[in-house]
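Please keep the model open while you read them.

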Protein chains: 2
Amino acid sequence: MDPDALTFTLHERRGAARLGTLQTSHGAVRTPAFVVVGTQAAVKGVAPDTVAAAGTQLLFANTYHLYLRPGAAIVERHGGLHRFMNWHGPILTDSGGFQVFSLGASIEHGVGKVASIFPGEAPPRLPGGNSMVRIGEEGVRFKSHIDGSLHSFSPEVSIDVQRALGADMVLAFDECTSPLHDEDYTRFSMERTHRWAERSLRAFERSAPRHGYPQALFGVVQGGAFRDLRRESAATIAAMPFDGIAIGGNLGSTLQDMYAVLDWTIPELPDAKPRHLLGIGDVPSILEAVERGVDTFDCVAPTRNARNGAAFVRRGDDGERIASFRLNLRNARFAEDLRPLEAGCDCATCRSYTRSYVRHLFKANERLAQQLVTVHNLRFMARLMEDIRTSLAEDRFAALKAALLAED
Amino acid sequence: MDPDALTFTLHERRGAARLGTLQTSHGAVRTPAFVVVGTQAAVKGVAPDTVAAAGTQLLFANTYHLYLRPGAAIVERHGGLHRFMNWHGPILTDSGGFQVFSLGASIEHGVGKVASIFPGEAPPRLPGGNSMVRIGEEGVRFKSHIDGSLHSFSPEVSIDVQRALGADMVLAFDECTSPLHDEDYTRFSMERTHRWAERSLRAFERSAPRHGYPQALFGVVQGGAFRDLRRESAATIAAMPFDGIAIGGNLGSTLQDMYAVLDWTIPELPDAKPRHLLGIGDVPSILEAVERGVDTFDCVAPTRNARNGAAFVRRGDDGERIASFRLNLRNARFAEDLRPLEAGCDCATCRSYTRSYVRHLFKANERLAQQLVTVHNLRFMARLMEDIRTSLAEDRFAALKAALLAED
């Protein structure tokens with residue numbers, strides 16, 4: 001809505017797939033792009049210069065976490081997230097909605113941690129007996145997963161917090177439903193999310209950036225894994241004056257379900273606006289989603305897998321068997337393996353260390369292990385996206401996709 | 001003994017204090033210098049390029065740990081420690097003796113973990129009922145602290161392992177006594193350590209470097225906190241053809257005891273050889289030891305304190321109270337403190353982050369916290385040593401020492 005906040009330029013279209021550039025006041029993002037997650041204003045285990053050196057263009061931070069700890073006021077006093085966390089490239093924040101419903105509410109596990117934290121109120125309209133959260137038209141009341149304190153979030157609060165955090169791109173407040181919700185509840189929730197989208201827009205328009213540069217606002221498409229709801233939500237959000245569109249919520253239970261959600265959603269979206277797919281980052285999903293017209297992705301997979309000892313690789317050396325593009329470096333077979341994590345990788349880890357050394361670090365509980373594998377996994381994602389962009393530019397995306405999926 | 005392994009040049013003498021340069025085939029070390037500890041072939045939580053950028057000249061690795069995990073053969077197959085861990089500056093390894101006696105034996109706690117691991121043998125001549133280790137003239141048998149497996153170490157084994165690891169400077173095998181040992185046992189042990197020193201020398205002379213560059217051998221002075229023993233040990237080790245001298249073992253129970261040990265030891269040592277004080281790294285001790293003629297120091301304090309949230313600082317801002325040159329960054333008073341960890345520090349952390357951000361990372365259990373404080377603490381040690389060297393060059397060491405100790 002602020003014409004200076006975000007410019008999205010499409011360079012090529014290959015079927016539904018797009019090659020583009022997102023221009024923010026903190027720099028450009030070549031798309032399709034992978035967004036590295038730094039939930040608590042830190043990418044787990046690696047400093048920002050290392051994150052950037054791996055080819056990362058854009059970071060994702062979580063409003064819910066930062067609202068609770070350290071609090072938006074402290075980030076604002078630093079001059080916003082970029083200065084707080086020393087990342088001077090573009091940043092995207094979510095609205096807080098997803099975490100309110102997943103961490104605050106423990107929806108996925110159907111578990112309520114406390115019998116009733118809001119005495120006298122009706123039980124929530126959620127399956128699973130959840131009692132950490134109360135949703136109403138106004139917004140959400142929830143209990144902190146950190147200290148049990150009570151908080152309220154609404155479209156207005158979410159936008160205010162995201163103004164204080166100062167990301168380049170921010171999200172409208174939405175309710176994130178789960179596969180446990182039936183179609184009736186999902187429709188009810190989606191319609192409220194659309195009203196919250198209008199309120200987010202108004203709150204955003206009424207407020208001003210606080211750190212001397214503009215921000216862009218993305219709407220969020222909901223509707224679960226239901227065709228009619230996804231189409232309706234996509235058309236509704238597309239009709240509002242957002243700067244970009246995020247696809248969120250329940251994407252079904254299988255990859256096929258997710259591809260169906262994209263097939264219903266994307267044709268309803270305006271060609272000129274960037275499209276972000278929330279929380280997805282495995283190789284097959286990225287390839288399928290790029291093919292369907294998604295521009296950006298965020299996922300904790302590269303950092304979380306690194307902590308667990310899994311290095312991302314496209315193919316094994318010498319007929320080595322690779323499942324799901326991962327090598328488990330804790331495995332005894334790497335004890336004397338003097339090869340880099342991935343043949344041909346240009347990352348700082350692969351240039352200087354062996355699998356044997358990294359396995360030693362994991363076995364010895366040295367935290368440097370996580371750091372070295374994170375560097376590689378971030379570079380793996382950046383190289384994957386670079387290769388996807390090059391294949392789009394050269395009109396050979398289908399061949400790249402087939403070659404990559406044949407490896408899996 | 002190999003004239004190419006180590007050259008030590010003294011540039012200035014100020015009383016007993018010395019300004020010098022240690023030249024190894026992996027580069028020069030300006031002394032007095034602090035040696036950063038990377039026990040398991042990794043400095044805890046930070047990559048080698050970061051360690052070097054903080055001004056670190058020399059690393060210390062532990063033979064006992066690396067012998068047990070990953071095993072010397074694996075390090076040797078990499079071409080030695082430098083290539084294994086991607087540190088291309090000078091490295092010093094200890095002999096394994098200290099950890100055999102402290103980790104294998106749990107001497108400090110006087111606790112034996114297993115009633116008898118060497119059935120049929122006489123109980124050890126150690127206080128505290130220790131039973132994880134058996135010492136004899138030949139060497140030591142001990143149980144791994146990792147998996148309980150049985151191992152034997154001797155001067156010949158230690159030298160062989162240190163040849164495989166390939167540090168620039170290695171130590172003769174010694175028994176490290178504790179404050180719990182009486183003078184009789186300490187003398188008995190010291191005399192055996194002297195015989196082990198002779199055996200270490202012979203084993204070193206009979207063997208050749210295995211990685212294409214020479215190694216230097218240091219002898220270790222023992223004798224506990226007993227004047228006559230320290231003098232005798234210093235004179236005995238000084239008379240052997242070592243390339244340098246390390247001062248090890250029990251240095252007493254107080255700083256005053258340690259200064260006394262140095263006062264007894266150092267006058268017996270040859271002026272031309274470098275002197276390393278094992279395991280000491282607090283600011284007052286370094287200043288007192290430099291004044292008495294020590295050239296190098298190693299200590300886990302910078303990395304261990306960083307893990308616990310303690311940043312090293314010389315002085316507080318605005319009359320801030322500092323105890324023992326440390327700020328505990330977990331403290332609530334830093335929640336909104338936008339200042340760097342230490343005023344005037346030029347480290348990568350102080351240039352880019354606030355105390356508030358680093359405290360946030362500790363409270364949020366982000367591992368980046370440890371990494372950022374480690375960078376600062378390593379730089380603190382490097383700057384301290386740079387200032388000491390400059391003060392020696394300019395003949396104002398006493399003024400620097402007084403100013404630093406007045407801060408504490």
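1. Let's begin with strand E2 of chain B, residues 17–24, in this predicted model. Is E2(B) mostly covered or mostly open? E2(B) is mostly covered, with six of its eight residues buried.

2. On one side, E2(B) is joined by seven bridges to strand E1 of chain B, residues 7–14, and the two run antiparallel. If you want pairs to look for on screen, Thr9(B) has Thr21(B) as its bridge partner in E2(B), and Arg14(B) has Ala17(B). E1(B) and E2(B) make a hairpin with two residues between them. In that turn you will find Gly15(B), which has a positive phi of about 65°.

3. Next comes the pairing with strand E3 of chain B, residues 27–31. Five bridges join E2(B) to E3(B), and this pair also runs antiparallel. A handy landmark here is Gly20(B), which stands opposite Thr31(B) in E3(B). E2(B) and E3(B) form a hairpin too, and two residues lie between them.

4. Taken together, these strands of chain B give an open sheet of three, in the order E1-E2-E3, with antiparallel pairing. Which strands stand at the edges? E1 and E3 of chain B do, and each has a single partner strand, so one side of each lacks a neighbour in the sheet. From one strand to the next, the twist averages 10°.

5. Helix H14 of chain B, residues 368–393, is the one to look for. H14(B) lies across E1, E2 and E3 of chain B, and its direction is at about 120° to E2(B).

6. Helix H13 of chain B, residues 355–363, deserves a careful look. H13(B) is mostly covered, as eight of its nine residues are buried. The buried ones are Arg355(B), Ser356(B), Tyr357(B), Val358(B), Arg359(B), His360(B), Leu361(B) and Phe362(B). What covers them? The cover for the buried residues of H13(B) includes H14(B) and, from chain A, helix H3 (72–77) and helix H4 (81–85). After H13(B) comes Asn365(B), with a positive phi near 55°.

7. How do H13(B) and H14(B) sit against each other? Their axes come within 8 Å and cross at roughly 135°. From H13(B), the contact is made by Val358(B), Leu361(B) and Phe362(B). From H14(B), Leu368(B), Ala369(B), Leu372(B) and Val373(B) take part. The residues of this contact divide into seven nonpolar, no polar and no charged.

8. Now for the interface between the chains: 29 residues of chain B are in contact with 29 residues of chain A. On the chain B side, the elements that give two or more residues are helix H3 (72–77), helix H4 (81–85), H13 and H14. Which of them gives the largest share of that side? H13(B) does, with five residues. The chain B side divides into 13 nonpolar, nine polar and seven charged residues.

9. A last stop, back in chain B, is helix H10, residues 283–292. H10(B) is mostly covered, with seven of its ten residues buried. These buried residues are Val283(B), Ile286(B), Leu287(B), Glu288(B), Ala289(B), Val290(B) and Arg292(B). Just after H10(B), Gly293(B) has a positive phi of about 110°.

Notes: Residues are numbered from 1 along each chain as its sequence is written. Chains are lettered from A and ligands numbered from 1 in the order in which they are written. This is a predicted model: local features need pLDDT of at least 70, side-chain atom pairs count only at pLDDT 80 or more; totals for chains, interfaces and linings use all residues. A residue is buried if 20 or more other C-beta atoms lie within 10 Å of its own, exposed if 12 or fewer, and partly exposed in between; C-beta atoms are placed from the backbone. Helices (H or I, at least four residues) and strands (E, at least two) are DSSP runs, numbered from the N terminus. Two strands pair if DSSP finds at least two bridges between them. Two residues are in contact if their C-beta atoms, placed from the backbone, lie within 7 Å. Axes are lines fitted to C-alpha atoms, for helices over the stretch in contact, and angles run from 0 to 180 degrees between N-to-C directions. Ala, Val, Leu, Ile, Met, Phe, Trp, Tyr, Cys and Pro count as nonpolar, Asp, Glu, Lys and Arg as charged, and the others, Gly among them, as polar.
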